[in-house]
Amino acid sequence: MTVEEFNKTVDLYADNLYRFILKNIKDEDRARDIVQDTYEKLWMKVSEVESTNAKSYMFTTGYRTMLDLIRREKKQGDMSEVKMSSLGHSRQYSDLKEVLNEGLNKLPEIQRTVILLRDYEGYNYSEIGEIAGLTESQVKVYIFRARGFLKEYIGKMENVI
């Protein structure tokens, strides 16, 4: 498709595409944005799209762009539905490092040792095995379990807040 054909396509189908999108989402600004995105995508593929297929390409692309926008907004939710008082808390925020240290202190001694050697000191599995008197596979198991516990512990909101 040439630049002239692209411009002709814009002139011929922009209003139809806009009305199609507007009828589906009922928001003028978002409809304009979707049409703009559609023409941008068409421009990026201008050398690949034939002028005879431009209308169907535009409507397909516009429709898919609209669906992507709707899905993205559905995942994000609407802030007007949220009670703002439920977002705050009255307790003082504790430092994440403190929470991590509390979690480390709750670990069994061997798990705490291997996690500190691996994640804080940077030793590899075989070195940790030599230091702690464990096999390499035991070291991996203890590290896996310790990380799982810490992830669960830090993930609890009452421990962070």
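Visitor: What share of the 161 residues in the protein is buried?
Guide: The model is a predicted one. A residue is taken as buried when its relative accessible area is under 20%. Of the 161 residues in the protein, the buried part is 26%.

Visitor: How many helices and how many strands are there in the protein?
Guide: Read from the N terminus on, the elements run α-α-α-α-α-α-α-α. The count is therefore eight helices and zero strands.

Visitor: Leaving aside neighbours within four places in sequence, which residues is Tyr39 in contact with?
Guide: Contact here requires heavy atoms within 4.5 Å. With neighbours within four places in sequence left aside, Tyr39 touches Phe6, Thr9, Val10, Tyr13, Ala14, Leu17 and Met58.

Visitor: Which helices do the buried residues of H5 pack against?
Guide: Helix H5 covers residues 109-120. Its buried residues are Gln111, Arg112, Val114, Ile115 and Leu117. They pack against helix H4 (96-106), helix H6 (125-132) and helix H7 (136-155).

Visitor: What distance does H5 reach from its first C-alpha to its last?
Guide: H5 has 12 residues, and at 1.5 Å a residue the expected value is 16 Å. The model comes close to that, with a reach of 15 Å.

Visitor: Which residue with a positive phi follows H5?
Guide: The phi in question is near 85°. The residue is Gly122.

Note on methods
Residues are numbered from 1 along each chain as its sequence is written. This is a predicted model: local features need pLDDT of at least 70, side-chain atom pairs count only at pLDDT 80 or more; totals for chains, interfaces and linings use all residues. Side-chain values use heavy atoms; hydrogens and water are left out. Helices (H or I, at least four residues) and strands (E, at least two) are DSSP runs, numbered from the N terminus. The expected span of a helix is 1.5 Å times one less than its number of residues. Buried means under 20% relative accessible area, exposed over 50%, partly exposed in between (1.4 Å probe, protein chains only).
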